[in-house]
Amino acid sequence: MGNLSEHFNHQDFFCRCEACKGSKDAEYKIHLGLVGALELLWVKLNRPIKIKSSYRCEAQNEKLGGGRKSFHIYGKAAHIYVDGLSPQELFKKASEVEEIRGLGLNLEEGTVHIDLRDEKDRQEWVKEKGKYVTLTADRKHVYGLD
Ligand SMILES: [Zn+2]
Ligand SMILES: [Zn+2]
């Protein structure tokens, strides 16, 4: 049992920047819907989900070029991975969780970005060589996501 939910701790979602990392009372945000979506995904996978990053403070978001629309600054996004599972497989499983409305395959990091944006149509993309590529059916095939 984590201190936030069955499998997660508050610390899993803290900002990873140098300034926040060393500070005990660094501010952070976590949307409980995101934790719920992660728990659902955990059950589907039946394997431990690791959080590479989630909340970003303003400075860190700016540094990473996240922009004002980044769901990381609201605690509504996370980059996740599972040991022994490809990010492609993780992406496919995550797409089975209805609550996840933004889904990105981050090939640079070997992670999957998930977020809880308010959009009827799910947004899906691949991040590769610093670029975001929107996923179409054709491209999903190219990336092994269908
Ligand atoms: Zn920070
Ligand atoms: Zn992200």
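A residue is called buried here if 20 or more other C-beta atoms lie within 10 Å of its own, exposed if 12 or fewer, and partly exposed in between. Keep that cut-off in mind throughout. This is a predicted model.

**Stop 1: helix α4**

Select residues 87–94, helix α4. Which of its residues are buried? They are Pro87, Leu90, Phe91 and Ala94. These four cover an arc of only 105 degrees around the axis, which puts them on the same side of α4. Now show what covers them: the list includes α2, β2, β3 and β4.

Stay on the helix and pick Lys92, which lies in α4. Is Lys92 buried or partly exposed? Lys92 has 17 C-beta neighbours inside 10 Å, so Lys92 counts as partly exposed. Next, draw a distance from the C-alpha atom of Lys92 to that of Val112. The two residues are 20 apart along the chain, and their C-alpha atoms are separated by 9.9 Å.

Finish here with Ala94. Set aside neighbours within four places in sequence, and Ala94 is in contact with Leu41, Ile100, Leu103, Val112 and Ile114.

**Stop 2: the sheet**

Colour the strands. Six of them form an open sheet in the order β1-β2-β4-β3-β5-β6, with mixed pairing. Strands β1 (50–53) and β6 (131–134) stand at the edges; each has a single partner strand, so one side of each is left without a neighbour in the sheet. Neighbouring strands are turned by 30 degrees against each other on average, direction ignored.

Bring α4 back into view. The helix packs on this sheet, touching β2, β3 (102–106) and β4. The direction of α4 makes about 20 degrees with that of β4.

Work across the strands now.

- Select β2 (77–81) and β4 (111–115): they pair in the antiparallel sense over four bridges. Ala77 stands opposite Asp115 in β4.
- Select β3 with β4: this pair is antiparallel too, over five bridges. Here Leu103 stands opposite Ile114 in β4.
- Select β3 with β5 (123–128): these two run in the parallel sense, with five bridges. Glu124 in β5 is the bridge partner of Leu103.

**Stop 3: helix α2**

Select residues 32–45, helix α2. Check its length first. At 1.5 Å a residue, its 14 residues should span 20 Å, and the end C-alpha atoms are 20 Å apart, which agrees.

Show side chains. Leu34, Val35, Ala37, Leu38 and Leu41 are the buried residues of α2. Look down the axis: these residues fall within an arc of 160 degrees, so they line one face of the helix. What does the buried set pack against? Its partners are β2, α4 and β4.

**Stop 4: the core**

In soluble globular proteins, nonpolar side chains tend to be buried together. The largest nonpolar core in this model has 28 residues. Those with the most contacts inside it are Leu34, Ala37, Leu38, Ala94, Val112 and Ile114. Elements giving two or more residues to this core are α2, β2, α4, β3 and β4. Which element gives the most? That is α2, with five residues.

**Stop 5**

Most residues other than glycine have a negative phi, and most peptide bonds are trans.

Select Asn46, in the loop between α2 and β1. Asn46 follows α2. Its phi is positive, about 55 degrees, although Asn46 is not a glycine. Asn46 is exposed, with 6 other C-beta atoms within 10 Å.

Jump to Lys129, in the loop between β5 and β6. Its phi is near 50 degrees, again a positive value in a residue other than glycine. Is Lys129 buried or exposed? With 7 C-beta neighbours inside 10 Å, Lys129 counts as exposed.

Key
Residues numbered from 1 in each chain as written. Chains lettered and ligands numbered in written order. Predicted model: local features only at pLDDT ≥ 70, side-chain atom pairs only at ≥ 80, totals over all residues. Pairing = 2+ DSSP bridges. Axes fitted to C-alpha atoms, helices over the stretch in contact; angles between N-to-C directions. Contact = placed C-beta atoms within 7 Å. Expected span 1.5 Å × (residues − 1). Arc of directions from axis to C-beta. Core = buried A, V, L, I, M, F, W, Y, C linked by C-beta atoms within 7 Å.
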